[in-house]
Structure formats: structure tokens, C-alpha cells
Amino acid sequence: MHTPQQNRLPKTYRISAVTRETELVTSFTFAVSLGAKPGQFIMVWLPGSDEIPMSVALDDGKKLQITFFAVGDTTKKLATLKKGDLVGLRGPFGTHYEWKPEQHLALVAGGYGAAPMYFAAVEAAKDGCSITAIVGARSKTHLLYLDAFAGLSGTTLSVATDDGSQGHKGYNVDLLRELLESRTLRLRSGSTAHAVDQVFACGPERMLVAVSDLCAEHKVVCQLSLERYMKCGYGLCGNCVINGVRMCVDGPVMRNEIARTFTEFGRYHRDGLGKKHSL
Ligand SMILES: Cc1cc2nc3c(=O)[nH]c(=O)nc-3n(C[C@H](O)[C@H](O)[C@H](O)COP(=O)(O)OP(=O)(O)OC[C@H]3O[C@@H](n4cnc5c(N)ncnc54)[C@H](O)[C@@H]3O)c2cc1C
């Protein structure tokens, strides 16, 4: 995928709104469109700190949104910013989720993956797609974007929490399994009504592996967002390469059959120096 020269350089933008989603999660809105598509990411630069990748949570042509967990140096500093503060943005980069009009999509979201999955739901709904959104988190206080999904027409929302504090007690993948098992039974009996055409997933890599295995077992088309430590964002530095494939250019959204050929998928990630760490 070619990234135009002007998208490779950061420009600073003022934060136009700050939303505290949960104790650890914040969303920023910027009054700008970068023309991003669901699944693409941008590099977010905090002058004096670092530049880190973030999925686009919404780009509706007028405003752009990101949603992030305050987990480390840069994200904790970002979380202290206020409306009107300046942040550098560049992109969008990478591949995006793809669908055909009027398909039935099952979107599986874990953690901040709810944000890009919501963006996919908004855009796919414009093409007449029906959506089953399956959102998971450790407990109800960590669930993200539930009201946003619930407000979308043509979208059915299912929720799973590890501790059972809201929705299904267990993993979001359990709910996907139920959906795909009923799909397989219906297809065997000759009914294609409401069958899931594709599964999209974004979340922790262990969740992605479980989704990948289920979709392979049920022979459902699946697209996954694979995240690796990214620096340049447009394929030069090679830090995010998995098995010879640059995740910032040929990913982060990959088709399942390609992801399943990666020997690092579900096993290792690499740090900023390229050193392997077990997941
Ligand atoms: C394509 C992509 C999209 C992402 N989207 C989001 C998002 O929407 N919301 C969100 O909260 N997080 C997102 N992340 C993760 C986010 O970039 C890291 O959590 C963040 O960089 C942590 O930075 P930190 O300085 O606060 O933490 P640190 O303490 O510096 O790092 C914590 C961990 O974050 C990871 N990390 C740090 N820097 C990078 C980097 N440059 N590239 C990749 N991983 C890094 C490493 O695994 C590191 O161990 C995304 C990552 C990728 C690759």
C-alpha cells in the first residue's frame, strides 16, 4: 500500500474534545479528517515524549477520534492532556477491513479493539451490512463503546466479561463459537438466512488466535488486526516485520489464511529493538 509523502510527516492538531471512557481509557477527538478507513492506524506524537501507533476509532470526514489505554510513559502523559492541547498526528497507515454491501459481519472486540470495530460497524452499516458486535473485557467497568454500538441501527450487541459482571461470563470468543456453530448447522440444513459472511477481530493476540482457529474450523472468511512495535509506519524501518511481512504496510489488517502462516502469530512479539518476547 502506497503512503503519500504528505501523510508521512506529522502535523500538530488541537484536541477538540476529551472523553474519559473508563478509569484507564481516554478518547481524544480532533476537528480534522485524515481520510482513514476502519482498521488503519495513525502515529500519535507527544512532543518531548514519543510517537506511538493508535488505531483510528472514527474518521467521519469532519472529525477523527482515538481511544487509548494509559499503560506506559507516553499514554499516561497523553491522558493528562486537555481540550485545546496540541498533539502531532500522521497517517493514516496500513490496510483496512473490507466488506461487500449487505453482508452480515461478526465483529469481535477485546480491549481498545472496540474502537476500530465500532468504526468498521459505522462504515459497513452505510453499505447495508448487518452487524453482530461481540465486545469483551475483564469486567463491566472495562467494557468500551457499548452505548455507541447500541445506538447503531442494524447492529446486534453481545457482551462478555471474564468475571460475569455484565453479559456472558467468559470470553467473547465463546459467543463467537455459539454464533458460528449455529451458522454451520443452518448452512448444513440449506438455510443461508442471517449466516455470518465474515468475521473481523481486533484485540489481544491470544483472542485473535482463538478467533482465527474458530474461523478456520468453520470455514468463515476472517480479517484480523495484527499489532507489532511500529516506528516509521510506512515500511522503511522494518521493526514491525513478521515472517518477512511489514505489519505497518501489508497489515495491520490481515486475512486469516495469511496470518495463520506466520510462525510468530500468537507466539512472540518484538520490542523496539526487534528482540523477541513470548506473548
Ligand atoms: C497498529 C497499532 C494500533 C494500536 N492502537 C491502539 C489504540 O487504538 N489504543 C491503544 O491504547 N493502544 C494502541 N496500540 C498500542 C499502543 O501503541 C501501545 O500500547 C503504546 O505504544 C504504549 O505506549 P506507552 O509509551 O504508553 O507505553 P510503554 O510503557 O512505552 O510501552 C508499553 C508496551 O506498549 C507497546 N508499545 C510501545 N511503543 C510501541 C510502538 N511504537 N508500537 C507498538 N507497540 C508499542 C510495547 O508492547 C510495550 O511493551 C496500537 C498498537 C499498534 C501497533
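These questions and answers concern a predicted model and the reasons behind the terms used for it.

Q: Why is Asn239 called partly exposed?
A: Asn239 has 18 C-beta neighbours inside 10 Å. A buried residue needs 20 or more and an exposed one has 12 or fewer, so a count in between is classed as partly exposed. Asn239 therefore counts as partly exposed.

Q: Where is Asn239 found, and what does Asn239 touch?
A: Asn239 is in the loop between strand E13 (221-225) and strand E14 (241-242). Leaving out residues up to four places away in sequence, Asn239 touches Tyr229, Met230, Lys231, Gly272 and Gly274. Tyr229 is ten residues from Asn239 along the chain, and their C-alpha atoms are separated by 6.5 Å.

Q: What makes Lys100 exposed?
A: Lys100 has 12 other C-beta atoms within 10 Å. The class of exposed residues takes in counts of 12 or fewer, so Lys100 is exposed. Lys100 is found in the loop between E7 and strand E8 (104-110).

Q: Why are E4 and strand E5 (58-59) said to stand at the edges?
A: The open sheet has seven strands in the order E4-E3-E7-E1-E2-E6-E5, with antiparallel pairing. E4 and E5 each have a single partner strand, so one side of each is left without a neighbour in the sheet.

Q: Which residues of the largest nonpolar core touch the most other members?
A: They are Leu107, Leu176, Val199 and Val211, in a core of 77 residues. Helix H2 (residues 114-126) supplies the largest share, eight residues. Domain 1 (5-93) and domain 2 (104-278) each give at least three residues to this core.

Q: What makes Leu176 and Val199 a contact?
A: Two residues are in contact if their C-beta atoms lie within 7 Å. Val199 is on the list for Leu176, which leaves aside neighbours within four places in sequence and also has Ala106, Val108, Ile134, Val211 and Leu214.

Q: How do you know that domain 1 and domain 2 touch?
A: In domain 1, 19 residues are in contact with 18 residues of domain 2. On the domain 1 side, the elements that give two or more residues are strand E3 (41-45), E4, E6 and strand E7 (86-93). That side divides into eleven nonpolar, five polar and three charged residues. The centres of the two domains, taken over C-alpha atoms, are separated by 22 Å.

Q: What makes up the shell around the ligand?
A: The ligand is surrounded by 22 residues, and Ile52, Phe68, Gly72, Thr74 and Thr75 are the closest. Strand E4 (51-55), strand E6 (64-69) and helix H1 (73-78) are the elements that give two or more residues to the shell. By class, the shell has 13 nonpolar, five polar and four charged residues.

Q: Which domains give residues to the shell around the ligand?
A: The shell draws at least three residues from each of domain 1 (5-93) and domain 2 (104-278).

Methods. Residues numbered from 1 in each chain as written. Predicted model: local features only at pLDDT ≥ 70, side-chain atom pairs only at ≥ 80, totals over all residues. Near = placed C-beta within 6 Å. Helix = DSSP H or I, 4+ residues; strand = E, 2+ residues; numbered from the N terminus. Nonpolar A, V, L, I, M, F, W, Y, C, P; charged D, E, K, R; others polar. Domains from an automatic or database assignment. Core = buried A, V, L, I, M, F, W, Y, C linked by C-beta atoms within 7 Å. Pairing = 2+ DSSP bridges.
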